[in-house]
Amino acid sequence: MLKLNIDSKDTNSKARAGWFETDHGKVETPIFMPVGTQGTVKAVNQTYLADEIKAQIVLSNTYHLYLRPGTEILEAAGGLHKFMNWQKPILTDSGGYQVFSLSELRKLKSDGVEFRSHLRWFKTFFYT
């Protein structure tokens with residue numbers, strides 16, 4: 001469940017500050033959100049990420065997670081939080097950007113998008 005609260009608004013713009021809360025914790029906004037595209041924030045260990053950078057949330061990309069490490073590995077690990085060893089919130093994007101940026105590798109279908117992997121040209125998958 002997601003809870004959202006706006007604490008203050010700027011009267012001269014649309015800027016606002018607040019927080020949202022997920023099952024994995026509270027995130028105050030506005031926020032710096034490190035990107036862990038494939039389930040890791042590159043070149044930063046989890047202790048530094050949490051204690052020094054004080055990241056409240058990490059962003060991962062569903063398209064890239066699907067390709068590497070793959071759903072079987074994520075499921076075997078017990079999910080993305082356990083795979084990443086990250087107990088705070090994670091935002092996973094829809095992969096919708098890849099629908100446009102990888103247009104030469106995809107087919108639009110009535111039930112989603114079929115991609116050819118940019119890593120393994122012979123593999124296809126559905127993304128809905």
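1. pLDDT is the predictor's confidence in each residue, on a scale from 0 to 100. The chain averages 89 here, and 93% of its residues reach 70 or more. By element, strand E2 has the highest mean pLDDT at 97, while strand E8 (residues 124-127) has the lowest at 54. Helices (H or I, at least four residues) and strands (E, at least two) are DSSP runs, numbered from the N terminus.

2. A word on ground rules. This is a predicted model, so to speak of a local feature takes pLDDT of at least 70, side-chain atom pairs count only at pLDDT 80 or more, and totals for chains, interfaces and linings use all residues. Residues are numbered from 1 along each chain as its sequence is written, and side-chain values use heavy atoms, with hydrogens and water left out.

3. Now the sheet. Three strands form an open sheet in the order E1-E2-E3, with antiparallel pairing; two strands pair if DSSP finds at least two bridges between them. Strand E1 (3-9) and strand E3 (25-29) are the edges, each pairing on one side only. On average, neighbouring strands are turned by 15° against each other, direction ignored; axes are lines fitted to C-alpha atoms, for helices over the stretch in contact, and angles run from 0 to 180 degrees between N-to-C directions.

4. Strand E2 (residues 16-22) is joined to E3 by five bridges, and the two run antiparallel. Across that pairing, Phe20 stands opposite Val27 in E3.

5. There are two cis peptide bonds to look at. One joins Thr29 and Pro30, with omega about 0°; Pro30 sits in the loop between E3 and helix H1 (46-51). Another joins Arg68 and Pro69, with omega about 15°, and Pro69 is in the loop between helix H2 (62-67) and helix H3 (71-77).

6. Check the positive phi values too. Ala43 is not a glycine, yet its phi is about 65°. Ala43 belongs to the loop between E3 and H1 and is exposed, with a relative accessible area of 87% (buried means under 20%, exposed over 50%, partly exposed in between; 1.4 Å probe, protein chains only). Asn85, also not a glycine, has a positive phi of about 55°. Asn85 lies in the loop between helix H4 (80-84) and strand E5 (90-93), and counts as exposed at 54% relative accessibility.

7. Finally, Gln98, in helix H5 (residues 96-101). Gln98 counts as buried because its relative accessibility is 6%. Leaving aside residues up to four places away in sequence, Gln98 touches Asn61, Tyr63, His64, Ser103 and Phe115, where contact means heavy atoms within 4.5 Å.
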